[in-house]
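Q: I have a model open and would like to learn how to read it. Can you take me through its features in turn?
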Amino acid sequence: MEDKLEARLLLMDSSPSGRVVESTRRIMYTVSLTLLPAMAISVWVFGWEAVRVLVLAAVFCIGLEALIARFVSYKIDFLDGSALLTGILLAMNLPANAPWWMILVGSLVAIIIGKQVFGGLGQNIFNPALVARVFLLISFPVEMTAWPKPFAGVDAATGATPLGILKTEGVGALAKTNLADLAIGSMGGSLGEISAIALLLGAAYMIYKRYITWEGPVLFIGTVFVFSGIFWLIDPTKYADPMFHILTGGVFLGAFYMATDMVTSPLTFKGRLLFGFGCGLFTIIIRMFGSYPEGVSFAILLMNAMVPLLDKYFPDKKFGMVQNG
Amino acid sequence: MPKTFEMGGIHPPEDKISSDEQIIFGEVPEKLLVPVDQHIGKPCEIIVEKGSVVERGQLVAKSTGFVSSNVHSPVAGKVDKIVKMPQLGGQIKQCALISPETSGENYADILKKDSNNNINLEKLSVENIRKTIADAGIVGMGGAGFPTHVKLSPPPEKTIDTLIINGAECEPYITSDHRVMLEHAEEMIKGILILQHLFDGVPIYIGIERNKPDAIETLEKAAKDYDKITVVPLIVKYPQGGEKQLIKAILNREVPSKGLPMDVGVVVQNVATVLSIHDAFYHNRPLMERVVTISGNLVKKPGNIMLPIGTPISYVMDKFEIDPEKVRVMISGGPMMGRTSYSFESPITKTTSALLFFDESRIIGRDENPCIRCGSCLRACPMGLAVAQLTEMIKANNIASAVQDSIMDCIECGSCSYVCPADRRLVHWMRLGKNIIRREN
Amino acid sequence: MFEILIPGFILGGFALISSTGLYIASKKFYVYEDPRIAEVTELLPGANCGGCGFAGCAAYAENVVNENSLDNPCPVADDETMSQIGALLGLATEAGEKKVASLMCKGTSQNCKSVMEYKGIEDCWAAVLVADTSKACSFSCLGLGSCVRACSFDAMYIEDGIVVIDDEKCTGCGMCISTCPKDLLHMRPKAKTTTVTCLNTDRGADARRACSVACIGCMKCEKVCEDDAIHVNNFLAKIDYEKCTQCGKCVEACPTNSIEIREVTVDA
């Protein structure tokens, strides 16, 4: 009786009374699904090894988050898809022959150092998957750069990425690569960085769903294209052409999936423009003058640190500021 | 070329299921609870007491200042007592509990008995117009309830060069303005002419969203003899009915931050308000009834009904066969800006444009999840505010920064909360923040 | 061989220059601070509650020393602490009456029924924006704990829909008072434990209908009080603590149990 009386009380809340069907879970799982074409390409190129890396990374990340959820005071929804997405993106940044312990270390770094020490979802400054990738790259340079050759099977010889070849052997050695191969993804590299077209497919859907906006990625890729183009025009015998630069080394993966990560990218339009530009600039600087062949990860992490400043100093236009300004 | 405002805005499902239902009239209920305060501004002073006998149109509560508004009894009857009652929207206010002599009589018949006047517009003085509107207790009937005569009395240094009639009705479910435009177009035009006379024949724009093509057509027909009255079709977008958004959409003028429409030479009036102005002049009828949309998923036959002010909700629920056992969410106004209410005894007020009844399926009050910085709220905000950051400032009690980032410009339209994928109560935080700032000043 | 010394010299040089810079800066920008400020800060409770009106204990200590006045005593510190501070500064201190906050409401879920289910933000002011009250009585405690969050001393908690104050832990800093949208928190002398636990000014019948322990303004307490210490105004009893002798007669006389003697007994 008492319960029945209780149940009839009306619910009161502030307006609005209603909301969109969109939810954090939905966004996270949809973004994960948009990576399917890229995952398929990686499986096509590297075989079952790619599946192993993807599954291990996803399971480790979700498992770790579930484990941490037991020990922290705040609520963690480890099935909200954010851990899954981090896992997939981490796998995308690993070579197909990455040993299981390396994936575990990467997941540990991504989930704990990259995300939960900041206070969990939404609080992290740096993209967790990239933090893990850079950590692994610095800690295990040999394993992280021993890329299996495309279509070569499990225990086949390892080779370098096109950018690695460029760094060590110079532009002359690149003659044998062709752009179509690069665009489809038939090259050595980590799982996700190889196929620009597959990534573009997923990204197009995300832009359609308004999960990401065009300006960041376009500025990122555009900046890489323009600056590498300038160098190429100066001396084509020393520098690779701009198409080569944007199609290799995870520029597409970085631009569409890492630099657009909602949590670690700017909220404002101008902020996103500058963010994209900065990512592109740092990528080229590292590629041209740094000791690493590849600079996308470092560039994005550097710009991640700038996000609060970009948000603060490049706010969007507000209504009614015309007459006052 | 249909117009709209540029910044932000959303398009929630329209759900205007009652738009084809004619305005109906009910019987006068057995009890009326006429609330003493139904406006924004200084509270009124109640001038009847237990046992007083009142006539239809007699003053129940008197305005106590310029920004205040009279309240009249819609029926002849006896005041049983003065009681404190929960209002639609949650406040507790004094009401005059009136037993009507005419209970059971159809309200349409009562309306017919009101006098019919002929007005010679040319002979009406500006003071006369303002006084009649003030005496009639007319307030903005779109929801805010700001006294209309105050809006019509801009300070001398502000010149009004345009009058906008707000027929946008951008909120889901509500169709009361739509029906008023369809069924009372002639009266509306007469009311508009009074306002035009008040402002020396300024041009007039009637903004109507394109999802009401019949209303656009009807008003265009009614206004065809008046070349200064233009009907402006608008692209459907919420919150187009917000004054600032409507002015931007129609005139492309931007009301400055912290400013009022009169700062850009505009006065905006709601269509229902215009109808009340007509009634005040042509029928000597103070604001005592209004059209209310009754809708929601628990209403089998949604509709629009003319109700005297003070009608208890329980009467409406009987009339529309709503099962009180099933109601879990009751909203006065639209789902975007309307306030939830909890008592079936609350009365209809001058600002109740709709009553919506829902069961559990209406999603309200979910737990907040962490902000994932998706930026949906920033894109949806029609005022261009950085909602996500502002709410964080409020939570951190960083009031000074929030003021600097224009939190006071928030119009509480609810677009941000509506689009938030993490169920954050952004509008509620914004309202709390504004409340803290007002308290501190 | 000597090449290894070059970086050593460079780094050493840097260290030398920087430390010299720091040394100069610390001398040049040195601000004299009365050493007593630190001593007073040391003596103060150190909760930084803000009850004195200053931004924490150090700011209060600075003000006390600079003004050389103890007219605004720390509301939290006990008499002993204040006299120590007085002795340090050579100022006389009066033994002040310790005060505590008390809630003027007993609208627990049993006494005062909820009329709705509030689903908004857990904050009393936020709730008031949605509706004036969530219970039958419009004067009642909302039980969402804005005051609990303002308390620096862990002296408040929510139980059964209302706030409970632990008199032992309450230091009387007064920081909770302004956090209540219903103005239900009032300060009273810690030693005077007789309190009217209601603020309802509605007529008796209305008040009674809303809450079973509401003050109905029946005047019985006023009649039995021998010290002229309790008065009913506007259908609500109020105790004058200047006159109250804690005889407990009003508590016995009250038909609705809206006057109580706090169970926590404390030495004055």
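Q: In which loop is B:Glu55 found?
A: First, some ground rules. This is a predicted model, where local features need pLDDT of at least 70, side-chain atom pairs count only at pLDDT 80 or more, and totals for chains, interfaces and linings use all residues. Residues are numbered from 1 along each chain as its sequence is written, while chains are lettered from A and ligands numbered from 1 in the order in which they are written. Helices (H or I, at least four residues) and strands (E, at least two) are DSSP runs, numbered from the N terminus. B:Glu55 sits in the loop between strand S4 (53-54) and strand S5 (59-62) of chain B.

Q: Is B:Glu55 buried or exposed?
A: Count C-beta atoms, placed from the backbone, within 10 Å of the residue's own: 20 or more others make it buried, 12 or fewer exposed, and anything in between partly exposed. B:Glu55 has 12 such neighbours inside 10 Å, so it counts as exposed.

Q: How many residues separate B:Glu55 and B:Leu88 in sequence, and what is their C-alpha to C-alpha distance in space?
A: The two are 33 residues apart in sequence and 26 Å apart in space.

Q: In what order do the six strands of the open sheet in chain B run?
A: Start with pairing: two strands pair if DSSP finds at least two bridges between them. Here the order is S1-S14-S13-S17-S15-S16 of chain B, with mixed pairing. The edges are strand S1 (23-25) and strand S16 (339-341) of chain B, each pairing on one side only. For angles, axes are lines fitted to C-alpha atoms, for helices over the stretch in contact; angles run from 0 to 180 degrees between N-to-C directions. In this sheet, neighbouring strands are turned by 35° against each other on average, direction ignored.

Q: In which sense do strand S15 (residues 329-332) of chain B and S16(B) pair?
A: They pair in the antiparallel sense, over three bridges. B:Ser332 has B:Arg339 of S16(B) as its bridge partner.

Q: Which strands of the sheet does helix H4 (residues 176-183) of chain B touch?
A: Contact is a distance test: the C-beta atoms of two residues, placed from the backbone, lie within 7 Å. H4(B) packs on the sheet and touches S1, strand S13 (289-295), strand S14 (303-308) and strand S17 (354-358) of chain B. The direction of H4(B) makes about 125° with that of S13(B).

Q: What describes two packed helices?
A: Use the angle between their axes and the distance between the axes. Take helix H5 (residues 82-92) and helix H6 (residues 100-113) of chain A: they pack at about 135°, with axes 10 Å apart. Angles under 35 degrees are roughly parallel, over 145 roughly antiparallel, 65 to 115 roughly perpendicular, and the rest oblique. H5(A) and H6(A) are therefore oblique to each other.

Q: Which residues make the contact of H5(A) with H6(A)?
A: H5(A) gives A:Ala83, A:Thr86, A:Gly87 and A:Leu90; H6(A) gives A:Gly106, A:Ser107, A:Ala110 and A:Ile111. Sort them by class: Ala, Val, Leu, Ile, Met, Phe, Trp, Tyr, Cys and Pro are nonpolar, Asp, Glu, Lys and Arg are charged, and the others, Gly among them, are polar. This contact has four nonpolar, four polar and no charged residues.

Q: At what angle do helix H11 (residues 196-208) and helix H14 (residues 251-258) of chain A pack?
A: The angle is about 15°, and the axes are 9 Å apart. That makes H11(A) roughly parallel to H14(A). A:Ala196, A:Leu199, A:Leu200 and A:Ala203 of H11(A) meet A:Phe252, A:Leu253 and A:Phe256 of H14(A). By class, the contact has seven nonpolar, no polar and no charged residues.

Q: Where is the cis peptide bond at A:Pro16?
A: Look at omega. The bond from A:Ser15 to A:Pro16 is cis, with omega near -5°. A:Pro16 is in the loop between strand S1 (10-12) and helix H2 (24-34) of chain A.

Q: What is phi of B:Asn284?
A: Phi is near 55°, a positive value in a residue other than glycine. B:Asn284 lies in the loop between helix H8 (271-282) and S13 of chain B. With 14 other C-beta atoms within 10 Å, B:Asn284 is partly exposed.

Q: How many residues of chain C are in contact with chain B?
A: 14 residues of chain C contact 13 residues of chain B. Helix H5 (residues 124-130) of chain C gives the most to the chain C side, with four residues. By class, that side has eight nonpolar, three polar and three charged residues.
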